[in-house]
Amino acid sequence: MSSDNIAGASAHFPGLAGVAAARPIVPELTFTHVLTALVALTLVRIIGLHFSVVDLFFDEAQYWTWSRELAFGYFSKPPLLAWVIAATDPICGSSEACVRLGSPLIHLGTSLLVYAIADRLYGRQPAAWAALAFALGIGLSFSSRIISTDVPLLFFWAAALLAYLHLMSKPDWRWTLVLGVSFGLGLLSKYAMIYFLLGVAWACIYDRDARALLKRKHIWIALLIGVALLLPNLYWNATHDFLTFKHTGDNISGDGFRFRWTGAGDFIGSQFAVMGPMVFASFLWIVARHLGPRVTPQDKLMLAFAIPPLLLVTALSFVRGANGNWAAPSVISMTVLAVAWWFRFGWKHWLRGTITLGLFMQALLIVSDAFATRINIPALGARGDIYQRTLGWRSLGLRTADLARATGARTVASEGRAETAAEIYYLRDEPVRALSWPVSKIPDHQFDLTRAMDSSAQEPVLFVTYCPVVSRLERFYSEVTPLGDITTSTGPTTKRQFHAFKLTGRKRDIEPIGICSEAAE
C-alpha cells in the first residue's frame, strides 16, 4: 500500500494507524476498474446459468416452492431467501437460471462491500484486489451458480461489518440504522448471523475503540432494530412449535455426539476450498502470529470477525460432522486480511495465484455445468459422476408428467423432501397438485406442513416412491395399480430409480404411510 493509501486509511479510521509501507506487487486499479471487472464477471455468471444443464437441486426447488407460499418462517430456514426468489421471478420467470439469478447479483453487491471494508482499513489498492480475490474465491464461484441461504447471509454480514467499522470511528445514526437492518436481515437469511455478536465481543479483546463503542447507545439501538426485524419470524416459530429452531438444533446435534479426530481434520481441510487455499493458509499463518508486532489493529479487527465462526464449527466438528460452509461468514474478513497482508509484505505470488486460480475455477465451473450430463471421472469410482446429486430431477418431473397425463391423475404424491420438492417444481405447469405423503405423524419437512397428503386428495392419485412395497398402499386404496419403474439418469454411469402406482378407491382416512421397511414386514 502506498503512503497515500496508508494516510487515507488512517483518516478513514482514526486510532488505527501503524500499517507498514507496502511494496507494489500488482498493477494499480481504480474503483472503475474493479466495478467493471465485477460487473463483467457477474454477466459471465448469468450467461453461465443460462447454458447450465444442472437440474434444480432439491434444496433449491424447496426454496422456490417457499417463494410461492410467502411466510415469515419455514420448517428448516428463516424466510428471506424465499423473498429473494420471489423478487427475481418477475424479471425472467421460474426457470432454473432465473431461480438462481439472485445469487450472482447479490454476490456482486457483497464484493463491493468487501471493497468498502478493505478501503476503510487498508486503502484503495488492497481494497481493489480484496474485492477481486473475494469475488473469484473458489467458494464464491461455486456459490454463485446455486441459490442458497449463504448468499444473502454474506451480503448482510459484510454490510453489518462495514457499518460497525464506521460506528467505531464516530457516532452516526445512519450507520446505526444500516447495522441494525443488516443484522436483522442477516438473521432472516440464516441464524448463523448470530456469530456477528461474537465478533463484536472478540473485537473488544483487541481494540479500545471497540470497547468504547459498547458504552454508546448506537450499538444497542442497532441490536434492538435487528431483533425487531426478527420478531415476525420468532412469532411464526412460536405458533409452529419452534420448528425452525428445533430443526437447526437437530442439524447441530446430528445423530449424536461422539469424539473423533478425523471430523475436525475434514472440516479444516474443507476450508482450503471454501475460503480459498492461499487465503486460508495466510489466515492460519497470521493467527499463529497475531500477538506479534507485525499484526496491526486493523488485522486484529478482521481476525475478530473471522475466528469465532471458524472456532465454533471446528469445535463442533470434533464430535459430529460439520459442513464446510457452516463458517462461511469468516471469508469476508479473512479475505480482506489476507490481501492486506500480501500487500504489506510483498507476497505477490499469493495474490496472483489466488486471482489466477479463481479465474480458472470460474471457467471450469461454467464449462462443467454446461456439460454436466456427460462428465465422469473414472478415478473417483462410484463417485465419478460428480453431478449425480443434482441430476435426474428434471427427468423425474417429465416422466411423472407423462404418467399423470396417461392415467388421468389429478394428484401426484411422493414421500421424502427431495422427491416432493422436485415434483412440485417440475410439475409447476401441469394441471395436477403435487403433495407429500408424510411418513410419520411428526412433520419431517415443510411439505409435510403445507402440502400433506390427506383424504381430500383428488383421485386418481399417482404415487411416486422409492419403495416397491404394495401392501402399505393397499391399506388406504382398494385399487393399487403398479405402473412400472421410473429410472432417471444422474450422469453417464449412474441412475436413480423410483416406482409409480395409480391409486383409486380410497377406503379409509389417509394417515402417515410409514417407512418402507415397516410396510415390508
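Guide: Helices here are DSSP runs of H or I with at least four residues, and strands are runs of E with at least two, numbered from the N terminus. The model is predicted, so local features need pLDDT of at least 70 and side-chain atom pairs count only at pLDDT 80 or more, whereas totals for chains, interfaces and linings use all residues. Residues are numbered from 1 along each chain as its sequence is written, and side-chain values use heavy atoms, with hydrogens and water left out.

Visitor: In which helix is Leu-43 found?

Guide: Leu-43 belongs to helix α2, residues 31–51. Its relative accessible area of 49% makes Leu-43 partly exposed; buried means under 20%, exposed over 50%, and partly exposed in between, with a 1.4 Å probe and protein chains only.

Visitor: Which residues make a nonpolar surface patch?

Guide: A patch is built from residues with over 30% relative accessible area and no salt bridge; nonpolar side chains (Val, Leu, Ile, Met, Phe, Trp, Tyr) are joined within 5 Å, and like charges within 9 Å. Accessible areas come from the Shrake-Rupley method with a 1.4 Å probe, and for residues only the protein chains shown count as cover. Here Phe-31, Leu-35, Val-39 and Leu-43 form a nonpolar patch of about 310 Å².

Visitor: How many salt bridges are there?

Guide: Side chains of opposite charge can pair when their charged atoms come close. A salt bridge is a side-chain nitrogen of Lys or Arg within 4 Å of a carboxyl oxygen of Asp or Glu. The count by this rule is 15 salt bridges. One of them joins Arg-145 and Asp-369, at 2.7 Å from N to O. Arg-145 lies in the loop between α8 (138–143) and α9 (150–169), and Asp-369 in helix α19 (residues 348–370), so the pair ties together parts that are 224 residues apart in sequence.

Visitor: Are Arg-145 and Asp-369 buried or exposed?

Guide: Both Arg-145 and Asp-369 are buried. In another pair, Asp-172 and Arg-174 have their closest N and O atoms 3.0 Å apart; Asp-172 is buried at 10% relative accessibility, while Arg-174 is exposed at 64%. Asp-55, Glu-96 and Arg-394 are linked in a salt-bridge network.

Visitor: What is Ser-182 in contact with, apart from neighbours within four places in sequence?

Guide: Contact means heavy atoms within 4.5 Å. With those neighbours set aside, Ser-182 touches Phe-156, Ala-159, Ala-160 and Met-193. Ser-182 sits in helix α10, residues 173–189, and is buried, with a relative accessible area of 5%.
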